Amino acid sequence: MGLTFDKLPVNTLVGADWQTFKALTDGQHIGDHYKGKFRLTKAVCRLLSTLVPIENRAYNKIAGQPLQEDPLFILGHWRSGTTFVHNVFACDKHFGYTTTYQTVFPHLVLWGQPFFKKNMAMLMPDKRPTDNMELRPDLPQEEEFALSNMMPYTYYNFWFFPERWMEYCDRFLTFEKITEEERQVFKDTFLRLVKVSLANTGGTQYLSKNPPHTGRVRTLLEMFPNAKFIYLKRNPYTVFESTRSFFTNTIKPLQLQDISQEQIVDNIVEAYMRLYKRYEADKLLIPEGNLVEIKFEDFEHNAFDLTKEIYGKLKLQGFNEAEADIRAYLDKKKGYKKNKYQYKEETIQIVEKHWSKALDEWGYTLLSSTYKCNFLGADNKQ
C-alpha cells in the first residue's frame, strides 16, 4: 500500500521537463507552508530532467510515423462518468491510452520505465482520494496531468497555482484567450503524447479521456478531422457535489498557494458554465456520425448494450474481439459501491441558479420544484 495523497512529499511536477517547470513556476507566488514541498519537487524535477534527452532520442524514432486512425475522445465535465466509460472502452486492445505512470513521468516512458514505475507503484495510493476507483501505474488515465508536465499551457496549472484558476480556464480550458503560438505548442505536444501512448500500450487508435478537451473541440478537429467523440451528460446536482469533493481533496497535495473553500466552489461553478457554453458552440463542427451524446445514468444502467451501440454509431472497429473482455470487466464492477449524495439546500440553490440551462436542456428535474410539490402535497393531506 502506498502513501495517501495528503502525505505525498512532492507534487506531480516532479515529472516535468526543466524548461516546462521553469516557465510555469518562475515569478509565481509560493505560499510559506508549501515552500518545502516546492523545493523538493524542484530538486527531483531538476535531477530527472537530465534524462529527458535520452527519451527524446527514443521518441525521434517514432515521431515521423503517421497515425493509423484518428482518436476517440471521451468528453464531459469532471465527475460525469468519463472514467468508467474510459475503462470499458480500454478493454478493447486495439485502443491505446495514456497510463497513470505516463501522466506523472511523460519523459520516462520509452526509456527507463521499468525502474521508475516500480518505485511509483510503491509510493502511490491504491485508490483515488474521493471514490473507490482503483489506482495502478498501468491503468488508463486522463492525459491532462501528462500535458502539464510537458508544457506550461494546460488548464491543470490551477492545481498548483489556484490564485490564477480562472485565467487558466480562459487560456487553456476553453482556449478563449490562448495565443496562436501557445495553441501550436499544445498541438505539437499533444501529438507527441498520442504517439508515445500508442507505442507504450501497443494500440492502433488513441483513446482519450480528458475533461479539459471538452473545451478544445475546434482545435482537436484541426488536428484530427475524422476524430470520434463521446460526450457524457450527468445530473448537474451530482456533478456539483462530486466535483466539489474531488477538487477539494485533489488540490491538497498539489497546491503551492492557498485557496478558500468558497473560492473553490465559485471557480467550479464558473468553469462549468464556460465549458458548457464552449462545447455547445463547437460541437456543431463535428462531422455528422462522429459524435454520440449520452446520459451517464443510462450508460451505467446498461453499459454493455450501450457500448455496443456506440461502436455501431461511431463505426468503430474491434467490438467482437473485445466483447469477452468488456463483459468480464463489467461483471467485476457489479459489486462496486459508488458514493451516494444527499443534496443540501445550498447545492440545489447553486445548481439551479447557475446551471439551470443544463438541467433544462438535458431533461433533469428541478429538485426545488419537486420539494415544493411534495411540501404542498403534504399540506393538502392534512
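Which residue stands opposite Gln205 in S3?

1. The model is predicted. Strand S2 covers residues 95–96 and pairs with S3 through two bridges. The two strands run parallel. Phe95 is the residue that stands opposite Gln205 in S3.

2. Strand S1, residues 72–75, is joined to S3 by three bridges. This pairing is parallel too. Here Leu72 stands opposite Leu207 in S3.

3. Is S3 buried or exposed? Five of the five residues in S3 (residues 205–209) are buried, so the strand is largely enclosed by the rest of the structure. In a regular strand, side chains alternate between the two faces of the sheet. Both faces of S3 are covered. Gln205, Leu207 and Lys209 lie on one side, and Tyr206 and Ser208 on the other. Lys209, a charged residue, is among those buried.

4. Now the helices. Two packed helices are described by the angle and the distance between their axes. For H12 (residues 236–250) and H17 (residues 345–354), the axes come within 10 Å. They cross at roughly 115°. The crossing of H12 past H17 is right-handed.

5. Which residues make the contact between H12 and H17? H12 supplies Pro236, Tyr237, Phe240, Glu241 and Arg244. H17 supplies Glu346, Thr347, Ile348, Ile350, Val351 and Glu352. By class, the contact has six nonpolar, one polar and four charged residues.

Conventions
Residues are numbered from 1 along each chain as its sequence is written. This is a predicted model: local features need pLDDT of at least 70, side-chain atom pairs count only at pLDDT 80 or more; totals for chains, interfaces and linings use all residues. Side-chain values use heavy atoms; hydrogens and water are left out. Axes are lines fitted to C-alpha atoms, for helices over the stretch in contact, and angles run from 0 to 180 degrees between N-to-C directions. Helices (H or I, at least four residues) and strands (E, at least two) are DSSP runs, numbered from the N terminus. A crossing is left-handed if the near helix is turned anticlockwise from the far one by less than a right angle, and right-handed if clockwise. Contact means heavy atoms within 4.5 Å. Buried means under 20% relative accessible area, exposed over 50%, partly exposed in between (1.4 Å probe, protein chains only). Two strands pair if DSSP finds at least two bridges between them.
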